[in-house]
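Please open the model in your viewer and keep the selection tool at hand. The tour moves from one selection to the next and says what is there each time.

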Amino acid sequence: MSAQFLVSQMLNGLQFGVFLYLMAAGLTLVLGVMNFVNLAHGSLFMVGAYIAAASFERSESFAVALLGAVVGTGLLGLLLHGTLLARLQQAGHLKQVLATFGLTLFFNELVRIVWGPSSLYMQLPDALSGTVAVFGITYPAYRLAIVGAGVLVAIGLWLLVHRTRIGMLIRAGATNRDAVETLGVNINALNAAVFVLGAALAGFAGGVAAPLLSVQSGMGDPILILTLVVIVLGGIGSSKGAFQAAIFVALVDAAGRTFIPLILRSLMDRSLANAAGPAVASMLIYCVMAIILAVRPGGLFAARGR
Amino acid sequence: MTIETALPNPAATRTGRGIPPALFVFALLAAVPFVSTWLGTSYYMTLFSRIMILGMAAIGLNLILGFGGLVSLGHALYIGVGAYAVGILSRYGIVDLGAHLAFMLALVVPVACGIGWVSLRTRGLGFIMITMAFGQMFYFLAVSLKIYGGDEGLVIQARSLITGRGLLETPAAFYGLVLALLAATAWIVHTLTRSPFGLVLSGARQSEQRMRTLGYPLLRYRLAAYVISAVIAGLAGCLLADLTLFASPEYMSWTQSGTLVAMIVLGGLGTTVGPLVGAIVLLLLEEVLSSRTDHWLVIVGPTIVAIVLFASRGLYGALASGRGSEP
């Protein structure tokens, strides 16, 4: 195995980590501030990808596609929060889980009705369709741009949460929402803002991912479950933990897919190794999660348990 | 906060008159083969066999969810493990029901002990997310096991034999076995929830701190309940494989786990038979809708949302307490 291959695998891992972070950052804010479990977060990712792919086909402009995905999912988030989710705020986790599970089934079917049963494909924007040379390898420019965009979003979110008034309210709300409400802050408006922000981030992730994946019904589900792994490992409600855990999860996953087939091939018969390799690799991150939680139930990066 | 506020008090629905509605449900189920034969088709027997099997899994899940207050969103994984236990042994020519059940137990018990031990150390939200992640882990395992069909699933040649004979070949005989096992499961869960063990479980849901102060090792109680409910789901998985002659990764998809939870909430959280009623209603709705349109999920999804918003006590809970309040 060459060093180039290793570098490109790790960059792929990093890029996947950025997706996971974009998803986890929004979801963990909603969890932390609203104490709300939103399983429909994966649907928002999917809807973002569909809007991006569909509007790129019409407009041929990547900027329009991405803007459409962010604004569209943001509005959808506002609609969901206003009509349904705000009513479930105090209903307990079980009801929140079940209602947002129902929403996921609904959206998975709705996109089939609106955009047809077959997958959509989106082209890369012209400016980013080439490759660039980094660390001695040629790497797709678009994937590198995703890593850059993710870092920018992370910085922007950190500034928003730690350096602005609304960020202060978000942190205060996560610590003690009753006290914040008593101080005269409109907690419903704050919740709605956080929810829309989370939805828009998921839509952004979906829009950015659309050229790399086949855009199809149910594409958000596996991402959602990995996002939940990230949040559990990062400590529920922690933005910083979400960032660290997203990168960690993605790199472990990438390393597993790179090395486990090689290790197995050196240990056992080639055909047996080829059969077992993908199985073990796809389970690795869950096994790592289990081990970490067995030792530290509060998560790997959690500053505080919740 | 925990889910306890969303749960009805089991004692409120477990009145002395709480039994007759359960008998009514089982009497209806017992009548299905006769009606089906009278109509000259085995379709209804097959349909209701499936409903009872998933209802059994829901009754098992309700032991930890409704009574224990632990929302497991990965319970379909044990249905899948049960189905693959039948599928894998059948593939190697071992077709005895007893052997299938023994193999299921040999797989489910250690897996449930491990997953339960890790997951139960977390609370509330963490538990929901981790059980979901473990469900996904086994889903991926099944998908990537190419020798056992991978994502296409594993076809089973014939239904399990009992003492070397094909006693379950006819739909009616198989239906009878499923009904008997379902009744036994419901009775066991009912007995468990009223035993000291079940009271500790309920007590831990209502006030964890109080039970800890009283000196109960809650992890052990919860783990025992988790493993029991996993074994029930595993049994349901064996039966499902025998019914469909198929084992598929889809049996343990997270949507299957979510549907089990929906059945419980629809039927009634704090009741033994409620999840079965929920399974009957939800799966009949699914059957009717899917025969009319390919896009039936677009109706089932909002139906589940409506269940959450309006069925606070569940169908069976309303039924049982309605009877209980009569003079």
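The stops below begin with a whole chain, go on to single residues, and end at the contact between chains.

This is a predicted model, in which local features need pLDDT of at least 70 and side-chain atom pairs count only at pLDDT 80 or more, while totals for chains, interfaces and linings use all residues. Residues are numbered from 1 along each chain as its sequence is written, and chains are lettered from A and ligands numbered from 1 in the order in which they are written.

**Chain A as a whole**

Select chain A, whose secondary structure comes to eleven helices and two strands, where helices (H or I, at least four residues) and strands (E, at least two) are DSSP runs numbered from the N terminus. Followed from the N terminus, the elements run α-α-α-α-β-β-α-α-α-α-α-α-α. Along the principal axes, the C-alpha atoms of chain A fill a box of roughly 65 × 50 × 35 Å.

Of the 306 residues in chain A, 51% are buried. A residue is buried if 20 or more other C-beta atoms, placed from the backbone, lie within 10 Å of its own, exposed if 12 or fewer do, and partly exposed in between.

Now select A:Glu60, in the loop between α2 (41-59) and α3 (62-83) of chain A, where phi is positive at about 60° although the residue is not a glycine. A:Glu60 is exposed, because 12 other C-beta atoms lie within 10 Å.

In chain B, go to B:Leu245, in the loop between α10 (218-244) and β2 (246-247), which has a positive phi near 55° and is likewise a residue other than glycine. With 15 C-beta neighbours inside 10 Å, B:Leu245 counts as partly exposed.

**A covered helix in chain B**

Select residues 76-91 of chain B, which form helix α4 and reach 22 Å from first C-alpha to last, close to the 22 Å expected at 1.5 Å a residue; the expected span is 1.5 Å times one less than the number of residues. In α4(B), 14 of the 16 residues are buried, and just after this helix B:Gly93 takes a positive phi of about 85°.

**From the core to the contact**

Which residues have the most contacts inside the largest nonpolar core? That core has 208 residues, and those with the most contacts are A:Leu20, A:Val229, A:Val230, A:Val249, B:Ala133 and B:Ala236. A nonpolar core is a set of buried Ala, Val, Leu, Ile, Met, Phe, Trp, Tyr and Cys residues joined through C-beta atoms within 7 Å, and two residues are in contact if their C-beta atoms, placed from the backbone, lie within 7 Å.

Select A:Val249, which touches residues including A:Leu20, A:Leu226 and A:Ile285, when residues up to four places away in sequence are not counted. A:Tyr286 lies 9.5 Å from A:Val249, C-alpha to C-alpha, and 37 residues away in sequence. A:Tyr286 is found in helix α11 (residues 270-295) of chain A and is buried, with 21 other C-beta atoms within 10 Å. Neighbours within four places in sequence aside, A:Tyr286 is in contact with B:Ala133, B:Phe134 and B:Met137.

Finally, show the contact between the chains, which takes 41 residues from chain B and 40 residues from chain A. On the side of chain B that touches chain A, the largest share, 14 residues, comes from α6(B).
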